[in-house]
Amino acid sequence: MNSEVRNGDRVQTVREFFEQWDAYDCIIENNYMFHREIYAAVRLQLQKRFPTSYTMLELGCGDASCTAKAVLGTPLRHYLGNDLSSSALQIATRNMAAVPCKQDFKQGDLYEFIKTIDRRFEVILAGFSMHHLPAERKSKLLGRCRNILNHDGILLILDPIRRIDETRQEFLQRWWENCDAAWAKVPPANRALFREHIFAHDYPETLQSMEKLARDNGFTRTKLLYLDPPQLHGLLLVEIKT
Ligand SMILES: C[S@@+](CC[C@H](N)C(=O)[O-])C[C@H]1O[C@@H](n2cnc3c(N)ncnc32)[C@H](O)[C@@H]1O
């Protein structure tokens with residue numbers, strides 16, 4: 001099987017997982033991945049950097065529930081949300097309705113979708129979506145993000161973050177132990193589904209490897225803006241500082 005076919009299969013399996021939005025919604029609702037704190041840090045950046053106007057592309061927006069709260073009351077002019085999951089996008093349309101700006105939603109694989117974008121944005125937000133790509137694809141995606149960001153633009157990556165001395169397997173095991181102990185309101189059968197999904201599809205980077213991928217693609221500054229208490233998930237700012 002060639003790698004394009006394998007990638008197609010992988011994307012299809014991820015899409016099927018996130019078509020069942022209720023399971024992931026329970027994680028957001030109970031703040032098991034520290035969405036509240038992470039998106040509060042996103043909001044702070046938007047308020048600080050874009051006091052008058054900005055546009056946003058969101059890659060893997062899911063139901064956009066946290067994004068809608070983060071951008072509400074900020075001078076967002078145009079929002080373009082992308083996701084694989086049609087059910088998540090349907091909910092995203094409803095959640096974003098409270099935000100007064102031009103809005104578009106596009107279903108599809110973010111890796112392919114970004115190639116079709118022919119305009120620039122001040123903000124690109126990738127919320128727990130980039131870690132589904134292996135490093136080589138992350139690198140190409142970062143290059144494409146770089147090409148469609150305005151000169152004062154920022155890329156905000158919310159993702160699982162491996163410790164510098166941790167292998168993928170060790171990170172996933174630590175992640176699973178935390179999840180099994182802390183996700184009390186997620187039924188065991190759903191926890192098992194998450195375990196299967198994570199072990200099959202998650203490729204978290206370390207801060208250092210993500211920084212290198214960003215630098216290789218023309219970005220000059222990366223900064224960790226938030227790391228959650230179990231040190232599993234964080235918010236990374238990536239930009240071109242002139
Ligand atoms: C863990 S959820 C995160 C949702 C939301 N951004 C958040 O911060 O909670 C990952 C989302 O990324 C989407 N996703 C995963 N791989 C994708 C891809 N290749 N293209 C587009 N969306 C993708 C999934 O459908 C899902 O909605």
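Two strands pair if DSSP finds at least two bridges between them. Helices (H or I, at least four residues) and strands (E, at least two) are DSSP runs, numbered from the N terminus. By these terms, six bridges join strand 2 to strand 3 (residues 102–107), and the two run parallel.

This is a predicted model: local features need pLDDT of at least 70, side-chain atom pairs count only at pLDDT 80 or more, and totals for chains, interfaces and linings use all residues. Residues are numbered from 1 along each chain as its sequence is written.

Start with the whole. The protein has ten helices and eight strands. Its radius of gyration, taken over C-alpha atoms, is 17 Å, close to the 18 Å that the globule rule (2.2 Å times the number of residues to the power 0.38) gives for 242 residues, so the protein is as compact as a globular protein of that length. The C-alpha trace spans about 45 × 40 × 40 Å along its principal axes.

Now go to strand 2, residues 76–83. Six of its eight residues are buried, meaning that 20 or more other C-beta atoms, placed from the backbone, lie within 10 Å of a residue's own. Strand 1 (residues 54–59) runs parallel to strand 2, and six bridges join them. Leu-80 in strand 2 is the bridge partner of Leu-57. Leu-80 also stands opposite Asp-104 in strand 3.

Strand 1, helix 4 (residues 65–71) and strand 2 make a right-handed β-α-β unit. Right-handed means that, with the strands pointing away from the viewer, the path from the first strand over the helix to the second runs clockwise. Strand 2, helix 5 (residues 86–96) and strand 3 also make a right-handed β-α-β unit.

Conventions: A residue is buried if 20 or more other C-beta atoms lie within 10 Å of its own, exposed if 12 or fewer, and partly exposed in between; C-beta atoms are placed from the backbone.
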